[in-house]
Amino acid sequence: MATDTATDVFEEHRPVLLGVAYRMLGRVADAEDVVQDAWLRWSHADQEQVREPRAYLVRVTTRLAIDRLRHVQSRRESYVGPWLPEPYVTDFGPTVPDTAERAVLADSVSLAVLVVLESLSPLERAVFVLREAFGFPYAEIAVTLDRTEAAVRQLAGRARKHVDEGRPRYEVDPAERRDLTERFLAAALEGDLDGLMSLLAPDVRLVGDSGGKVRGPLRTLESADKVGRFLLGVTKKSVPGAERVEFRFLELNGAASVVFLVDGKVDSVFQLDVAEGRVQRVYIVRNPDKLVSLSA
């Protein structure tokens, strides 16, 4: 039976544990399940023998996340259409006062980075998350993964190289992204094709995740013409039977995003990557399974 002290210790570290698990799995529900399993192990552990609770809990959570990731990867091989992470509300709160640290956490949970992490092995992904997002020493990661420090450094090098090659090669300014998102939304809702096209980079890409459960593109769209006309077509079509369609801005995965609601229920999430005043990528999440946490 867990004591109040044990509960307090676990709750103190829960945000970090959830952060590790989400970055490993890309799904809020899976991450919460892993953290719950970690709690069960912690509540039955001989806590007097645990000298560093944070290190112990991160180790347990990481190992559980690796096991779950190996299981869910087989499901993703049969996923219908492009796969995107589940939108994750990011509010790092007063526990992350440093601007640089906040930027690192936001970047490590961005949609672009999480998509690249999908192509890593579970061990590479764990090393990248623990090292790059949370700054754990190589020696501590080695203990967590039951590997030598030299092996962990090799995994870290491969993971970093792969992520650097796959992530966007530009820095996204938060204020610029918010401003361009507002202009982008206004042009789309007004049916202004010229205005919309002026905001899109020539080689813009649109990635839509519907999971085959609702309407959405089943492949990535490329070029301003294809993306612009698709978006205009989507906004022109009313939702059958809907009485009220509205939207709100929310910070998801470290960036300003647009959440569309139909009759009060979350229907889809839009997020943009921008650089040099143009939209470089458009992400759309419509799979209802990935919007449950936003509807709660």
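Predicted model: local features only at pLDDT ≥ 70, side-chain atom pairs only at ≥ 80, totals over all residues.
Local features need pLDDT of at least 70 and side-chain atom pairs count only at pLDDT 80 or more, whereas totals for chains, interfaces and linings use all residues. Residues are numbered from 1 along each chain as its sequence is written, and side-chain values use heavy atoms, with hydrogens and water left out.

**View 1. Q280 in strand 6 (residues 278–285).** Helices (H or I, at least four residues) and strands (E, at least two) are DSSP runs, numbered from the N terminus. Q280 has 17% relative accessibility and so counts as buried; buried means under 20% relative accessible area, exposed over 50%, and partly exposed in between (1.4 Å probe, protein chains only). Setting aside neighbours within four places in sequence, Q280 is in contact with residues including Y170, D203, R205 and D273. Contact means heavy atoms within 4.5 Å.

**View 2. The buried residues of helix 7 (residues 138–145).** These are Y138, I141, A142, T144 and L145. Seen down the helix axis, they fall within an arc of 160°, so they line one face of helix 7. The arc is that of the directions from the helix axis to the C-beta atoms. The buried residues of helix 7 pack against helix 3 (53–76), helix 6 (122–133) and helix 8 (149–166). Just after helix 7, D146 takes a positive phi of about 55°.

**View 3. G228 in helix 11 (residues 224–236).** G228 is buried, with a relative accessible area of 0%. Leaving out neighbours within four places in sequence, G228 contacts L193, L196, M197 and L200. A188 lies 40 residues from G228 along the chain, and their C-alpha atoms are separated by 8.6 Å.
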